[in-house]
Amino acid sequence: METHSKTKLLETYILQPENRSLIITSILEAIENDNNNVFSYVNLAIEPKTNLNLSHLIVSIKDNISLKDIPLTAGTNILQSMIIPYTATAIKKLEDEGISIIGKTNLDEFAIGTLGDTSANGIVLNPLNSDYMVGGSSSGAAASVASDYCHVAIASDTGGSARIPAAMTGVLGFKPSYGSVSRYGLLSFSPSYDQISFISKNIDHIKETYLTCRGEDIEDMTSANHEDVSFRGHTIGVLKLKPSASISQEVIDNYNCYIDYLMELGFMISEMDIPNYEEIIAAYQVLTSAEAASNLSRFTGLNYGTNLGDLQKNRSSLLGYMVKDRIILGNYVLNFDDSQMLLKAETTKHILKAKFDKIFAEVDVLITPTTPLQPLMVNEISDNSHFFDLFTCIANLIGAPSLVFPYGKYHTSNLPMSIQIISPRFSDLCLLDFYKEIKY
């Protein structure tokens with residue numbers, strides 16, 4: 001078979017079922033020569049299927065999602081030796097429809113991080129410019145799509161974990177409504193906010209994989225069959241943003257440029273006001289850290305995973321700095337002044353939900369920037385990196401669907417900028433269709 005670009009290989013995979021084994025071999029060879037730490041496990045035993053609904057798709061799986069008899073490292077040393085005995089519900093549904101799984105993708109340790117730099121498997125480099133990081137925690141997932149190794153990456157999103165790296169690699173990132181897709185088989189970091197999510201260059205590929213995955217699952221009590229909420233898409237809410245340490249002027253200028261584009265298309269634009277951004281991100285950090293401290297307590301190395309022979313030694317030697325920070329913060333929050341900090345964070349979340357109920361009574365969707373700051377270079381240190389979740393964590397706190405897509409470029413790095421759409425809970429399908437109306 002003649003040599004093709006990776007993009008051409010993916011297109012050929014859809015068009016020529018008879019050549020799928022050869023195409024997969026060529027893509028695996030490309031992955032073998034990749035120096036960006038995109039994959040933690042490559043599936044050399046792929047057997048492409050034909051004549052099924054999704055047999056035209058090659059998919060990657062984030063390495064905190066279970067695949068039977070395949071390692072699950074979650075980017076941490078404490079799980080490097082663990083093999084999973086079952087497959088996640090969402091992935092099982094995709095397999096039943098014929099997808100080809102190309103491998104498992106690298107991620108921030110235990111999906112905790114916003115840069116893609118905390119994995120025990122190494123930093124994921126941005127395939128568009130290897131001097132920069134991809135963003136996290138689904139760094140390998142976004143890079144696998146941007147590198148044209150797969151049509152869709154199945155990832156997870158706790159506060160922007162799929163959407164931020166999608167934004168930084170110039171692809172689409174979709175976080176469904178909370179409860180729309182079963183979380184069974186997804187290693188929990190913060191189960192009240194974690195959600196199986198989708199990254200692709202093609203909105204139709206996102207839609208068909210989401211439709212396959214969604215639905216109630218008896219293994220996950222937070223999952224549900226639901227009525228699809230629709231909206232007309234005539235009115236769009238926007239934010240009035242001011243430059244600060246947490247939001248750059250370049251991001252604001254790009255955002256305002258996109259608003260002007262929407263007005264040219266004839267959409268009605270209404271300016272919305274939401275509570276203090278710093279309070280929102282602080283509440284998100286408090287709530288997720290509290291859940292993380294509880295969830296990660298079971299990873300001791302004594303019952304499964306890597307065991308150095310002693311619980312304290314396992315935890316101190318095998319867990320990374322970011323995970324330790326979250327565990328310490330979470331335990332502090334759970335014990336501080338009879339959990340007053342936790343109660344304040346919960347109050348902030350409820351106020352935010354009530355505010356968005358009012359917003360969606362006035363407008364169909366809310367448009368925001370995806371990331372408030374530009375991507376960081378490899379090993380670049382920033383005191384503001386926790387602000388990357390500033391806009392994306394809103395959708396997780398209120399349980400709403402969110403889609404990000406590329407628009408504009410940063411002047412210094414020439415990397416893509418991005419816009420986010422948030423819509424009412426369970427309006428996922430309407431949101432995906434609406435994107436086609438406003439696509440630049």
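**View 1. Asp-194 lies in the loop that runs between β5 (172-175) and β6 (195-200).** The model shown here and in the other views is predicted. Asp-194 is buried but has no salt bridge. Its nearest side chain of opposite charge belongs to Arg-183, 5.1 Å away.

**View 2. The side chain of Asp-194 has a polar partner in Thr-158.** The polar contact joins the two side chains, that of Asp-194 and that of Thr-158, at 2.5 Å. The side chain of Asp-194 also reaches a backbone atom, the nitrogen of Phe-189, at 3.0 Å.

**View 3. The largest pocket has a volume of about 390 Å³.** It is lined by 21 residues, and those closest to its centre are Thr-114, Tyr-321, Met-322, Ser-385 and His-386. Helix α10, which spans residues 321-335, contributes the most to this lining, with five residues. Sorted by class, the lining of the largest pocket consists of eight nonpolar, seven polar and six charged residues.

**View 4. The second largest pocket has a volume of about 300 Å³.** Its lining is made up of 14 residues, of which Asn-43, Ala-45, Ile-46, Glu-95 and Ile-101 are the closest to the centre. By class, the lining of the second largest pocket divides into seven nonpolar, three polar and four charged residues.

How values were computed: Residues numbered from 1 in each chain as written. Predicted model: local features only at pLDDT ≥ 70, side-chain atom pairs only at ≥ 80, totals over all residues. Heavy atoms only, no water. 1 Å grid on protein atoms, 1.4 Å probe; cavity = no way out; pocket = protein on both sides within 12 Å on 5 of 7 lines; lining within 4 Å. Points joined across faces, edges and corners; volume = space filled by probe spheres on them. Helix = DSSP H or I, 4+ residues; strand = E, 2+ residues; numbered from the N terminus. Nonpolar A, V, L, I, M, F, W, Y, C, P; charged D, E, K, R; others polar. Buried < 20%, exposed > 50% of the residue type's maximum accessible area, 1.4 Å probe, protein only. Lys, Arg positive; Asp, Glu negative; His and termini not counted. Salt bridge = Lys/Arg side-chain N within 4 Å of Asp/Glu carboxyl O. Polar contact = N/O pair within 3.5 Å; in protein donor to acceptor, adjacent residues only side chain to side chain.
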